[in-house]
Amino acid sequence: DPYADDPIRHPALKVNSQRPFNAEPPPELLTENYITPNPIFFTRNHLPVPNLDPDTYRLHVVGPPGGQSLCLSLDDLYQFPKHEITVTLQCAGNRRSEMTRFKEVRGLEWSAGAISTARWAGVRLCDVLAQAGHQLSETEAHVCFEGLDSDPTGTAYGASIPLARAMDPEAEVLLAYEMNGQPLPRDHGFPVRVVVPGVVGARHVKWLGKVSVEPEESYSHWQRRDYKGFSPSVDWDTVDFDSAPSIQELPVQSAITQPKDGETVESGEVTVKGYAWSGGGRAVVRVDVSLDGGLTWQVAELDGEEQRARKAWAWRLWQLQAPVPAGKKELNIVCKAVDDSYNVQPDTVAPIWNLRGVLSNAWHHVHVHVAP
Ligand code: MTE
Ligand code: MO
């Protein structure tokens, strides 16, 4: 069993797949803290978790022609300036189960918990690339990452981001060795992972073994044959993966974490809580909440850290306390967020449904009963 050596996990996690391990925190725990505690941070593994020795760990950075390839130990990495940033990581498949309910898709049945937030510390990718002699002159190039996890044929997890993002100090792409002040947990990439603020989880390569600059995107399955969006009209017989760009920055997203679907709430007043986030560093400017399925709306209060313009890498938590309309036996609670480009979430799944069930960001609904 290649998974026999996987780490022990927190019992509160809702497991979507045991081998490889995929799990999300339950909604009420997800937004209990602005920073997600490491043991309940959602986990998305495609392969067994490698067991790496920090003393012999090496990161290979391929230099440009005429430059210098680097073979960095953890101690070598610690010599670069240390940076710490708060970043929300979201899987492209977050909220996929809502797409499945509309029409079948292929993928793990994530609820709204394939998203979490941590303080990540490490070195800037641009500093490491510069040390190897890379420059931004290779304008159309991509930075390819390879994990040290691999399938039985020896194929490693891989992904890439444009070199322009990697070399931009303002984009703050990290090679992280700490998560919330601790060494990375094994499930989250020990000892080193990539953190690409504002970008889909799939590019945050864990157990990082190799970094190279290539004229083309990574040839990895997960870059070229997965994590792309398509029209609702495309099915598995007609899909042409080369026709769509790889997902990088994610669209605006929000979801309700309290109350839970199917719960009974007290008459009188209801407290609604959730999260909101947008990709590309776009800030959340507003969250609207409806108690009547979207007929009327109220503006929620935003909690959590203030966001920096163009560098809003982390989510906002939000809440609304509102009177329960008299005589109501049921509430259809809805939320939707607006980001600072005035991007909004689509009201239904139908127009954004896609065969892989990614980019699921329609208005989030929770149905509750009102206690008599
Ligand atoms: N990196 C490696 N090496 N192997 C993986 O399976 N999964 C990716 C990404 N990095 C993956 C990986 C995907 S799809 C996501 S959503 C994030 O890691 C999840 O990160 P987490 O498990 O720390 O939440
Ligand atoms: Mo993912």
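Modeller: A residue counts as near a molecule or strand if its C-beta atom, placed from the backbone, lies within 6 Å of it. This is a predicted model, in which local features need pLDDT of at least 70, side-chain atom pairs count only at pLDDT 80 or more, and totals for chains, interfaces and linings use all residues. Residues are numbered from 1 along each chain as its sequence is written, while chains are lettered from A and ligands numbered from 1 in the order in which they are written.

Colleague: Which residues are the closest in the shell around ligand 1, and how many surround it?

Modeller: The shell holds 20 residues, and the closest are H46, C91, G147, Y157 and G201. Strands β3 (43–44) and β8 (142–150) each supply at least two residues of that shell; strands here are DSSP runs of E, at least two residues long, numbered from the N terminus.

Colleague: What makes up the shell around ligand 1 by class?

Modeller: Nine residues are nonpolar, seven polar and four charged. Ala, Val, Leu, Ile, Met, Phe, Trp, Tyr, Cys and Pro count as nonpolar, Asp, Glu, Lys and Arg as charged, and the others, Gly among them, as polar.

Colleague: How do you know whether Y342 is buried or exposed?

Modeller: Y342 has 10 C-beta neighbours inside 10 Å and therefore counts as exposed. Its phi is also positive, about 60°, although Y342 is not a glycine. Y342 sits in the loop between β21 (330–339) and β22 (364–370).

Colleague: How do you know that β21 and β22 pair?

Modeller: Two strands pair if DSSP finds at least two bridges between them. Six bridges join β21 to β22, which run antiparallel. As one of the partners, V368 in β22 is bridged to L331.

Colleague: What is the strand order of the open sheet, and why are β15 and β18 (298–299) at its edges?

Modeller: The five strands are ordered β15-β22-β21-β17-β18, with mixed pairing. β15 and β18 each have a single partner strand, so one side of each is left without a neighbour in the sheet.

Colleague: Which peptide bond at P191 is cis?

Modeller: The bond joining F190 and P191, with omega about 5°. P191 is in the loop between β11 (182–183) and β12 (193–195).

Terms used. Helix = DSSP H or I, 4+ residues; strand = E, 2+ residues; numbered from the N terminus. Buried ≥ 20, exposed ≤ 12 C-beta atoms within 10 Å, placed from the backbone.
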